[in-house]
Amino acid sequence: MSMITKFRNRVEKRIAYLIFRLFYRQNTKLVFFEAYNGEENGYSCNPKAIYEKMLQEEKYRDFHFVWSFWGPEKFHFLTQNPRTTLVKKGSYEYLKICAKSAYLFTNTSLPSYIVPNRHQKLIYLWHGKPLKCIGCGIQGEGDGKRSKAKINLDYKSSGRRLSILLSPAPIFTDIMCDAYALTPQKRKQAVLEMGYPRNDFLFYYTADDVKRVKEKLKIPSEKKVILYAPTWRPYNWLGGNHFQHKEVLDYTKLYQELGKECVILCRLHHLEKGSVHYKEFEGFLYDVTDYPEVNELYIISDLMISDYSGTIFDYANLKRPIVLYMYDKEQYIHDANGLNFPLEVLPGKIVETQEELTKAVEIELEQFVYNKQYKTFNKTFNCLEGENSAGKILEAVIEENI
């Protein structure tokens with residue numbers, strides 16, 4: 001599709017949206033949800049947690065919900081709830097729903113032609129706690145797929161349009177506001193400091209949940225579970241919205257050293273999805289990149305291996321061992337748009353070689369201590385997490401208008 005055609009499509013959609021906004025009044029009981037731009041993993045994260053909380057609560061029994069996906073047919077199961085409908089992202093029905101909804105929840109952003117009026121609330125829940133610099137705060141020349149100028153343009157547009165911006169802890173507030181270039185007045189009006197709804201489950205899951213997930217994945221009950229969850233690298237861009245995962249682990253050696261007692265769950269970042277296929281070591285390596293609910297992987301894991309990923313913050317709520325495999329630490333610090341915090345504050349041993357990694361994993365599985373550094377990390381970065389962040393956000397966003 002040429003640039004001219006893309007521009008024409010955006011103009012047409014903007015005009016159609018403005019017409020819909022002019023002719024349709026807001027339905028105060030209509031709630032719109034979109035996660036990860038409506039892609040294949042689009043029923044997840046904070047919007048999903050908010051939606052499911054509303055389904056559970058009697059006080060929202062009169063509300064109707066609409067989920068947006070590029071391929072809504074995959075998510076037809078959601079329509080088993082009579083108050084839930086699906087819409088294809090970018091369609092005219094999508095524009096109509098965005099114009100009519102009183103509340104629009106997203107964990108990324110909405111297209112620039114969606115500009116809510118004063119009777120609507122556009123709520124940005126975001127999708128991770130940013131160890132890495134994001135939005136207008138990035139320090140590099142771009143993120144691989146977009147230039148810094150384009151990133152600034154996109155985030156400033158989102159910042160002007162959003163009604164509420166969720167900050168998961170006070171230490172993240174300035175980072176989130178700077179990412180969207182919010183004015184001082186907008187910061188006062190828009191920022192909501194509360195824990196992430198998607199993490200509520202980590203505080204109320206049960207032993208039956210752990211058993212259910214292990215049985216679903218066919219993991220032997222006697223084996224220790226290691227979750228490998230690295231982030232993506234902007235310098236490994238393949239084109240479009242795809243990045244290459246560089247295989248840096250020697251799985252043969254890991255199998256020899258850990259295979260008798262452990263299994264490894266490999267979960268790549270969604271931007272690297274499809275760049276690696278794990279076919280060997282059946283019963284030891286499990287490819288869980290497409291597993292729909294990452295929290296279920298957290299609760300069955302005895303230890304997590306990560307790097308610069310925001311999963312560190314979420315997993316730390318469980319107070320379990322973390323090993324940080326930073327084989328490219330110098331390159332990442334210099335070439336990946338910067339970090340918001342020094343690596344030394346993270347709750348886990350930093351290693352740079354596989355030999356160090358294996359040794360650290362073995363030690364942490366046997367001798368892990370929830371030490372002072374780990375406690376300080378949770379007190380600083382996870383201080384607002386709990387089992388009812390979703391309910392608190394709904395009270396702040398919706399219940400004042402019920």
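Guide: A residue is called exposed when its relative accessible area is over 50%, buried when that value is under 20%, and partly exposed in between. The model before you is a predicted one, and these terms can be applied to it residue by residue.

Phe7 is placed in helix α1, which comprises residues 3–23. Its relative accessibility is 52%, and because exposed means over 50%, Phe7 counts as exposed.

Another member, Asp250, is placed in a loop, the one between β10 (242–243) and α9 (251–258). With a relative accessibility of 37%, Asp250 counts as partly exposed.

Lys372 is part of helix α14. A relative accessible area of 70% is why Lys372 counts as exposed. Lys372 and Pro347 are separated by 25 residues in sequence, while their C-alpha atoms are 9.5 Å apart in space.

The chain contains 15 helices and 15 strands. Its radius of gyration is 22 Å, close to the 21 Å that the globule rule gives for 402 residues, and therefore the chain is as compact as a globular protein of that length. The C-alpha trace spans about 65 × 45 × 40 Å along its principal axes. Of the 402 residues, 54% are buried.

Side chains of opposite charge can pair when their charged atoms come close. This structure holds 14 salt bridges. One of them joins Glu385 to Lys129, with the closest N and O atoms 3.2 Å apart. Glu385 lies in the loop between α14 (372–381) and α15 (389–397), and Lys129 in the loop between β5 and α4, so this pair ties together parts that are 256 residues apart in sequence. Glu385 is buried because its relative accessibility is 11%, and Lys129 is buried because its relative accessible area is 2%.

A further salt bridge joins Arg187 and Asp174, with a distance of 3.6 Å from N to O. Arg187 belongs to helix α6 and Asp174 to helix α5, and the pair links distant parts of the chain, 13 residues apart. Arg187 has 26% relative accessibility and counts as partly exposed; Asp174, with a relative accessible area of 49%, is partly exposed as well.

Asp154 and Arg146 form another salt bridge, in which the closest N and O atoms are 3.1 Å apart. Asp154 is partly exposed at 23% relative accessibility, and Arg146 is partly exposed with a relative accessible area of 25%. These two residues also take part in a network of salt bridges that includes Lys150.

Finally, two loops show a point about the backbone. Most residues other than glycine have a negative phi. Trp126 has a positive value, near 60 degrees. This residue is located in the loop between β5 (121–124) and α4 (148–161). Trp126 counts as buried because its relative accessibility is 7%. Ala181 likewise has a positive phi, near 50 degrees. The loop that holds Ala181 lies between α5 (170–179) and α6 (184–190). Ala181 has 37% relative accessibility and therefore counts as partly exposed.

How values were computed
Residues are numbered from 1 along each chain as its sequence is written. This is a predicted model: local features need pLDDT of at least 70, side-chain atom pairs count only at pLDDT 80 or more; totals for chains, interfaces and linings use all residues. Side-chain values use heavy atoms; hydrogens and water are left out. Helices (H or I, at least four residues) and strands (E, at least two) are DSSP runs, numbered from the N terminus. Buried means under 20% relative accessible area, exposed over 50%, partly exposed in between (1.4 Å probe, protein chains only). The radius of gyration is taken over C-alpha atoms; the globule rule is 2.2 Å times the number of residues to the power 0.38. A salt bridge is a side-chain nitrogen of Lys or Arg within 4 Å of a carboxyl oxygen of Asp or Glu.
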